[in-house]
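Student: Can you walk me through this one? I have the chain open and would like to go through it piece by piece.
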Amino acid sequence: MQALYNMINMKIQIINGPNLNLLGKREPGIYGSSSFDDYLPQLRHQYPSVQIDYFQSNVEGELINKMQEVGFDYDGIVLNAGAYTHTSVALQDCIRSLKCPVIEVHISNVHKREEFRHKSLISCACLGVICGFGLDSYRLAVEGLLAVK
């Protein structure tokens, strides 16, 4: 199956929301001890024919701006909206307006955490949801986008 992926030429945008710039420092018992900057080269190495771009912001409007910028030209978006997952109708509206599919990702299993994290306002607009596999959740999301291409 890996040989099939090497023939595909795709562009995927990973977008991380608030506080995900603190991966490796913030609550390592929940989010692990690796930063996303440490993980990203590994992910890119696994998919050499896929252009994987990365963006992180703590500001909701900047996440929307980035999705609108790439959402009509890229093949998919992997979105970890952080806490905005549970509060943002604006992100949901944006996702619904895009041409490319969006996969919602969470590093932790949000359903094993506080009750307020069990409800996502963006899941209904996404192609799928992956949670609970640590940073490997991003790889699983890329696999999902490759599978629907």
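Student: Which side chain makes a polar contact with that of Glu 104, and at what distance?
Tutor: The side chain of Ser 120 does, at 3.2 Å. Bear in mind that this is a predicted model, so distances like that one are computed from predicted atoms.

Student: Is Glu 104 buried or exposed?
Tutor: Glu 104 is buried, because its relative accessibility is 1% and the cut-off for buried is under 20%.

Student: Where does Glu 104 lie, and what does Glu 104 touch?
Tutor: Glu 104 is part of strand E4, residues 102–106. Leaving out residues up to four places away in sequence, its contacts include Leu 79, Thr 85, Ser 120, Ile 122 and Cys 126.

Student: OK, the whole sheet then. What is the strand order?
Tutor: E2-E1-E3-E4-E5, five strands in an open sheet with parallel pairing. E2 and E5 (128–131) are at the edges with a single partner strand each, so one side of each has no neighbour in the sheet. On average, neighbouring strands are turned by 20° against each other, direction ignored.

Student: What does H3 touch on the sheet?
Tutor: H3 packs on the sheet through contacts with E1 and E2, and its direction makes about 165° with that of E2.

Student: Which residues of H3 are buried?
Tutor: Phe 36, Tyr 39, Leu 40 and Leu 43 are buried in H3, which spans residues 36–46. These four are on the same side of H3, because they cover an arc of only 110° around the axis.

Student: What covers the buried residues of H3, and what is on the face turned away?
Tutor: The cover includes strands E1 (10–16) and E2 (50–56) as well as helix H6 (136–148). The face turned away from the buried side carries Asp 37, Asp 38 and His 45, which are exposed.

Student: Which residues have the most contacts inside the largest nonpolar core?
Tutor: Ile 14, Phe 36, Leu 43, Val 78 and Tyr 138, in a core of 23 residues. At least two residues come from each of E1, H3, E2, E4 and H6. H6 gives the most, five residues. There is also a second, separate core of 19 residues, and Ile 77, Tyr 84, Ile 95 and Ala 125 are among its members.

Student: Why would nonpolar side chains end up together like that?
Tutor: In soluble globular proteins, nonpolar side chains tend to be buried together.

Student: Back to Tyr 138. What does Tyr 138 touch?
Tutor: Its contacts include Ile 14, Phe 36, Tyr 39, Leu 43 and Val 78, and Asn 16 is another, not counting residues up to four places away in sequence.

Student: Which side chains make polar contacts with the side chain of Asn 16?
Tutor: There is one with the side chain of Tyr 138 at 2.7 Å, and one with the side chain of Tyr 54 at 3.2 Å.

Student: Where does Asn 16 lie, and is Asn 16 buried or exposed?
Tutor: Asn 16 lies in strand E1. Asn 16 counts as buried because its relative accessible area is 0%, against a cut-off of under 20%.

Student: New topic, H5. Which of its residues are buried?
Tutor: Leu 91, Gln 92, Cys 94 and Ile 95 are buried in H5, residues 89–97. They sit on the same side of H5, because their arc around the axis is only 165°. Helix H4 (60–70), E3 and E4 are among the elements that cover them.

Student: What caps the N-terminal end of H5?
Tutor: Ser 88, with a side-chain oxygen 3.4 Å from the backbone nitrogen of Ala 90.

Student: Last one: how many helices and strands in the chain, and how much of the chain is buried?
Tutor: Six helices and five strands, in the order α-β-α-α-β-α-β-α-β-β-α from the N terminus. Of the 149 residues, 49% are buried.

Conventions:
Residues numbered from 1 in each chain as written. Predicted model: local features only at pLDDT ≥ 70, side-chain atom pairs only at ≥ 80, totals over all residues. Heavy atoms only, no water. Buried < 20%, exposed > 50% of the residue type's maximum accessible area, 1.4 Å probe, protein only. Arc of directions from axis to C-beta. Contact = heavy atoms within 4.5 Å. Polar contact = N/O pair within 3.5 Å; in protein donor to acceptor, adjacent residues only side chain to side chain. Core = buried A, V, L, I, M, F, W, Y, C linked by side-chain atoms within 4.5 Å. Pairing = 2+ DSSP bridges. Axes fitted to C-alpha atoms, helices over the stretch in contact; angles between N-to-C directions.
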